[in-house]
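Please read each point with the coordinates open beside it.

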Amino acid sequence: MTVAASLEAPERHRLGSPGLRRVNLALFAAGLTTFMSLYCTQALLPELSESFGVSPARSSLLVSLATGAVAIAVIPVSSLSERYGRTRVMIVSSVASALVGLLIPLCGSFTALAAVRAVQGLALAGVPAVAMAYLADEVHGEHLGSAMGRYVAGTGIGGVLGRIVPGLVTDVAGWRWALAATGFLALAFTIAFWLLLPPSRFFRPGRVDYRPLLTHLRDPGLRRLYLIALTAMAGFVTVYNFLTYRLLDAPFHLPYAVVSLIAVMNIAGSAASARAGILADRSGRRKVLIGSLVLAAAGLCLTLPTVLPLVGIGLLVFTVGFFGTHAVASGWVGRRASTARAQASALYLFAYYLGSSIGGTAGGVAYEHGHWTGTALYVLVLLGVALLAGAGLKSARWVGRRSF
């Protein structure tokens, strides 16, 4: 390569560059629309339980079916992105999911609502399946952790809006208008994502090949990260699915609009995810990962007494710990996988959303049989498994050019 050619060759986005700022904004918008759409029914589970006459565990299927569909779709969709491109798959996915979301308020039965939610989950899969691989392709390795943290921050704020908007509108106009308002807002963020997203500069198309999946699954470090994704997300969704029921019931008896505001905790989680990504780049991933999991467990313990301020503080600490865990673990996957990053990230997300789907519904069984104490113990067990998996990463060493 000549000197002139090397000078003209594109460089991966670095901290402070206009390109990275645009990438961060676009992926932030993607996180907003994805999590708004994915969790728009979560704050309404008690209302939907009453409206359709179903139990809390069955009502939670309106979250679990969507996340389960994402889990099913992320691997094939990520493989398609290796052939057809990261940006194309993400844009098609985000637009399709936003349009499907506008059908939700029109559903006349629980079965129809559940079916549309499953279809929406399938449509949504393209953004989370490819976003981490896109960042790993386009962002310089020194700044990948912070870029991933900002994307996770967008998912956190999307989770806030996906719970607050329907929660507040429900008290005024009912759940159908609440979900309609959420759908139109998600569509607006989808358009912003489409307009902001820079084209891929380092992506090179290849044939669809599922063999790298087996390579990633043979990697003991990646397996541990996938287990952390499954268990931590199962616990997180369980807490946010069923704490709403607890706060509406005795002894708290809080109004519905007030209970929906627990989603504001995700703003702190979003800030924590961005900070955790930066700390992981500077101080080491394992240290930040373990600290985040311990923090989540400590926060959950604070929610056990029937003292409202303690419940609020505990939820805040738990949320910060979870988002720190997810930011570090997801960024670690993209950095550890030297090839087929989209598929490595897809396996992480398969575990992540499988945890949300199966673990969240299992949390409903724990709530119905053990109320909040049983639910919290169930989540503590999940966090304990994640902590053991994270502790096993301590034997990591540099091998070749890969950081374990």
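1. Contact here means heavy atoms within 4.5 Å. By that criterion, and not counting residues up to four places away in sequence, Gly 149 touches Ser 273, Ala 274 and Ala 327. Gly 149 sits in helix H9 (residues 144-173), where helices (H or I, at least four residues) and strands (E, at least two) are DSSP runs numbered from the N terminus. Gly 149 is buried, its relative accessible area being 0%; buried means under 20% relative accessible area, exposed over 50% and partly exposed in between, with a 1.4 Å probe and protein chains only. From C-alpha to C-alpha, Gly 149 and Ile 278 are 7.6 Å apart in space, although 129 residues separate them in sequence.

2. On provenance, this is a predicted model, in which local features need pLDDT of at least 70 and side-chain atom pairs count only at pLDDT 80 or more, while totals for chains, interfaces and linings use all residues. Residues are numbered from 1 along each chain as its sequence is written, and side-chain values use heavy atoms, with hydrogens and water left out.

3. For the chain as a whole, the secondary structure comes to 17 helices and 2 strands, and 57% of the 404 residues count as buried. Among contacts between residues at least 6 apart in sequence, 83% join residues at least 24 apart.

4. How do H14 and H16 cross? The axes of helix H14 (residues 265-283) and helix H16 (residues 308-336) come within 7 Å and cross at roughly 40°, the axes being lines fitted to C-alpha atoms over the stretch in contact, with angles from 0 to 180 degrees between N-to-C directions. That makes H14 oblique to H16, since angles under 35 degrees count as roughly parallel, over 145 as roughly antiparallel, 65 to 115 as roughly perpendicular and the rest as oblique. The residues of this contact divide into 11 nonpolar, 7 polar and no charged; Ala, Val, Leu, Ile, Met, Phe, Trp, Tyr, Cys and Pro count as nonpolar, Asp, Glu, Lys and Arg as charged, and the others, Gly among them, as polar. Ser 273 is among the H14 residues of the contact, and Ala 327 is among those of H16.

5. Helix H5 (residues 61-84) and helix H8 (residues 126-138) have axes that come within 8 Å and cross at roughly 50°, which makes H5 oblique to H8. In this pair, Val 70, Val 74, Val 77, Ser 78 and Ser 81 of H5 meet Gly 126, Pro 128, Ala 129 and Val 130 of H8, and by class the contact has 6 nonpolar, 3 polar and no charged residues.

6. The peptide bond from Ala 250 to Pro 251 is cis, with omega near 5°, and Pro 251 lies in the loop between helix H12 (220-248) and helix H13 (256-259). His 253, in the loop between H12 and H13, has a positive phi of about 50° and is exposed, with a relative accessible area of 53%. His 371, by contrast in location, is found in helix H17 (residues 341-391); its phi is near 50°, and His 371 is exposed at a relative accessible area of 54%.
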